[in-house]
Amino acid sequence: MSSPVDPVEGGGPVEEPVPVQPRRAWAIDTTPLRNPHYRRLFWGVTATMLGQQMTLVAVPFQVFTLTGSSLLVGVTSIVALVPLIVFGLLGGAIADSMDRRRLMLVTGVGSAVTSALLAVQALLPGGGNLWLLWVLTACVSGFTAVNQPARSAVIPALVGAPAVPAANALAMTVRQVGVIVGPLLAGVLIAVGDLFITYTVDAIGFVVAVLLLRGLPSLPPGREAGPLRLGAAIRGVGEGFVFLRTQPVLLMTFVVDIVAMCFAWPQAVFPELSEGRYADSPNSLGWLYAGVSIGALLMGLTSGWVSRVDRQGAVVLVAIAVWGVAIIGFGLAPSLWLAVLCLAVAGAGDMVSAVLRSSMLQLAAPEHMRGRMQGVFIVVVTGGPRLGDLRAGAIASAASVSAAMVSGGIVVVVVMAVIALAVPSFWAFRASRTGYATTPAGSRPASPAPESGEDRPGPTTS
């Protein structure tokens, strides 16, 4: 039997399609891992995640060991937050002006060197130097803030638009594993007095990531990439905000997360609950801190359905409403196991929201704006919980933990309902009708996009 002929290629033989094995509907979608370029990015993220989470534990511990001051531990958080905000915005603009592969390599090398210097300073007489530790911590945050927008912006170019939600779910699930395992491993190493190894693991992870990223193709920002100019990058940040003002769907992806985090982020009340309501429960503080991550991890492992969601805006609003209801339950929970269950449900809702909001940003923004949108995304997801800690702590001190959590959860649910009614374009957003098609790197360009008004191919509705 003769081979089929491709009419476009003028008589060249076409490979027979390989049958795709059906997969379980609820299992995490690993299809993007078949793409060799995405595999490099994924394993690079995996290599760095464990060490990064270990460093997040080691730095405040070392500050407290050097100073004995919880206030200076809090100052360390600000030292890390400021460059994360500044360079998160600038990093997005830079990612939209130069080859993103090159940018990831440069920032990866910078992170590896900085982590290695953290390991060296841990060996200094007296257990380290506070000012040097702060400088290196700020550098780590700066490199991370520039790297992350580029890393997120390249996903559509690597896997293609239909696979973006699944790719995001994979990366975020790995992050949750790091959030759980990293602090535990750091605690073991810190207990035996080995901060040097803790920081060294982080440095090695970045080296592995850089070696993997070297195998990626060039990833231009959708326009001609020129030399890096700081003035142009700063102007690019302004252009990004101007663009965002004209895009209600993209703007709402940030608004809904800010509302969820500012009004219902629970971590500030964990110490009070562990010393009060759940004082008789062993390791109550540890379980409270683990609750959200446990739920997020379980949702990540069963997120196969998320990658097939078409009405992403509607599901985001429902997921955040679930977060709000779960936080209400957490605020009223009389026992530790019920509180952790509520936090796990909240974490699952947050995981769905995070995957879909990130996918909406990557698909609904044009290629040359994706870096800046991801930069704003980083600032929002970093700053929102800190504002939430301030709100929850203030209300818990003035009234009670239950008042802080229940009032915040109610606000979240009500605001999601209001947004569904007031911004119908967000509620009606469909992934299959996004205006910016993406072809995976290394593949042949797809056929021209349908004319305006025609349905675009995409994932089936969940």
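Predicted model: local features only at pLDDT ≥ 70, side-chain atom pairs only at ≥ 80, totals over all residues.
Biologist: Why is Arg357 called buried?

Modeller: Its relative accessible area is 2%. Buried means under 20%, so Arg357 is buried.

Biologist: What makes the pair Arg357 and Asp257 a polar contact?

Modeller: Their side chains are joined at 3.1 Å, and the cut-off for a pair of N or O atoms is within 3.5 Å. Therefore the pair counts as a polar contact.

Biologist: Where is Arg357 in the chain, and how far is Gln312 from Arg357 in sequence and in space?

Modeller: Arg357 is found in helix H13. Gln312 is 45 residues from Arg357 in sequence, and their C-alpha atoms are 7.9 Å apart.

Biologist: What does H13 give to the largest nonpolar core?

Modeller: That core has 55 residues, and Val269, Leu288, Trp323, Phe330 and Phe426 have the most contacts inside it. Helices that each supply at least two of its residues include H6 (164–191), H12 (312–332), H13 (336–364) and H14 (370–398). H13 gives the most, with 13 residues.

Biologist: Which residues is Leu288 in contact with, beyond its neighbours within four places in sequence?

Modeller: Leu288 is in contact with Phe270, Leu273, Ser274, Tyr278, Phe330, Leu336, Ala339 and Leu343. There is also a second, separate core of 28 residues, and Val146, Leu158, Val164 and Leu170 are among them.

Biologist: Why is Trp427 called partly exposed?

Modeller: Trp427 has 33% relative accessibility. Buried would need under 20% and exposed over 50%, so Trp427 counts as partly exposed. Trp427 lies in helix H16, residues 424–427.

Biologist: Which residues make the nonpolar surface patch with Trp427?

Modeller: Val318, Val322, Trp337, Leu341 and Val345 make the patch together with Trp427, and it covers about 560 Å². Patch residues need over 30% relative accessible area, and Trp427 is at 33%. H12 and H13 are the elements that give two or more residues to the patch. The largest share, three residues, comes from H13.

Biologist: How do you know that the chain is helical, and how much of it is buried?

Modeller: The chain has 16 helices and zero strands. Of its 462 residues, 51% count as buried. Among contacts between residues at least 6 apart in sequence, 84% join residues at least 24 apart.

Conventions. Residues numbered from 1 in each chain as written. Heavy atoms only, no water. Core = buried A, V, L, I, M, F, W, Y, C linked by side-chain atoms within 4.5 Å. Buried < 20%, exposed > 50% of the residue type's maximum accessible area, 1.4 Å probe, protein only. Helix = DSSP H or I, 4+ residues; strand = E, 2+ residues; numbered from the N terminus. Contact = heavy atoms within 4.5 Å. Patch = residues over 30% accessible without salt bridge, like charges linked within 9 Å, V, L, I, M, F, W, Y side chains within 5 Å. Areas by Shrake-Rupley, 256 points an atom, 1.4 Å probe, with all protein chains shown as cover. Salt bridge = Lys/Arg side-chain N within 4 Å of Asp/Glu carboxyl O. Polar contact = N/O pair within 3.5 Å; in protein donor to acceptor, adjacent residues only side chain to side chain.
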